[in-house]
Amino acid sequence: MTKRITIAKKSDIPENEGRAFPFEDRMIAVFFHNGEYFAMDDFCPHQGASLAAGWVHEGSVACPWHAWRFALKDGCWLDNPKIKTDVFPIIVEGEDLILEIDDE
Ligand code: FES
């Protein structure tokens, strides 16, 4: 079943930055880049840094620890797209950012 939750407000996330928000037992990183919002698992699949603290540039986020870069749209590691992290749809409703996430 897919859950819809208000994860943040648009004003919570400056342009070209990310912020992490709790959802159940995980953290979700939400980014605002080129007028669009993106959401992915905040836990870097390399060694677990917070991707929300990374550098957002040209459609990707670079992990703050070792600079692995992940595409914002699909979560693929740019150096090896076979490795990816989870991404989630974000819907903008007024000021609210609505996350759609499968309930596992
Ligand atoms: S922890 Fe993210 S690249 Fe190493």
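Here are some friendly notes on this predicted model, from the overall fold down to single residues.

1. Ground rules. Numbering starts from 1 along each chain as its sequence is written. Because the model is predicted, local features need pLDDT of at least 70 and side-chain atom pairs count only at pLDDT 80 or more, while totals for chains, interfaces and linings use all residues.

2. Overall build. The protein has twelve strands and zero helices; here strands (E, at least two residues) and helices (H or I, at least four) are DSSP runs numbered from the N terminus. The C-alpha trace spans about 35 × 30 × 20 Å along its principal axes. The radius of gyration is 13 Å, which agrees with the value near 13 Å for a compact globule of 104 residues; that radius is taken over C-alpha atoms, and the globule rule is 2.2 Å times the number of residues to the power 0.38.

3. Burial and contacts. Of the 104 residues, 29% count as buried. A residue is buried if 20 or more other C-beta atoms lie within 10 Å of its own, exposed if 12 or fewer, and partly exposed in between, with C-beta atoms placed from the backbone. Among contacts between residues at least 6 apart in sequence, 38% join residues at least 24 apart; a contact has the two C-beta atoms, placed from the backbone, within 7 Å.

4. The four-stranded sheet. An open sheet runs in the order E2-E3-E4-E10 with antiparallel pairing, where two strands pair if DSSP finds at least two bridges between them. E2 and E10 (87-88) stand at the edges, each with a single partner strand, so one side of each is left without a neighbour in the sheet. Seven bridges link E2 (residues 17-23) to E3, and alanine 20 stands opposite alanine 29 in E3. At the other end, E4 and E10 are joined by two bridges, with methionine 40 opposite valine 87 in E10.

5. The three-stranded sheet. A further open sheet has the order E1-E12-E11, again with antiparallel pairing. Its edges are E1 and E11 (90-93), each with a single partner strand, so one side of each lacks a neighbour in the sheet. The twist averages 30° from one strand to the next; axes are lines fitted to C-alpha atoms, for helices over the stretch in contact, and angles run from 0 to 180 degrees between N-to-C directions. E1 and E12 share seven bridges, and threonine 6 has isoleucine 98 in E12 as its bridge partner.

6. The core. The largest nonpolar core has 24 residues, and Ile7, Ile28 and Phe31 are among those with the most contacts inside it. Such a core is a set of buried Ala, Val, Leu, Ile, Met, Phe, Trp, Tyr and Cys residues joined through C-beta atoms within 7 Å. E1 (2-9), E3 (26-33), E4 (36-41) and E12 (96-102) each give two or more residues, and E3 gives the most, with five. Leaving aside neighbours within four places in sequence, isoleucine 28 is in contact with residues including Ile7, Ala39, Phe88 and Leu99.

7. Two backbone spots to look at. Most residues other than glycine have a negative phi. Asparagine 16, however, has a positive phi of about 60°; this residue lies in the loop between E1 and E2 and is partly exposed, with 13 other C-beta atoms within 10 Å. Glutamate 24 has a positive phi near 50° and sits in the turn of the E2-E3 hairpin, which has two residues between its strands. With 11 C-beta neighbours inside 10 Å, glutamate 24 counts as exposed.
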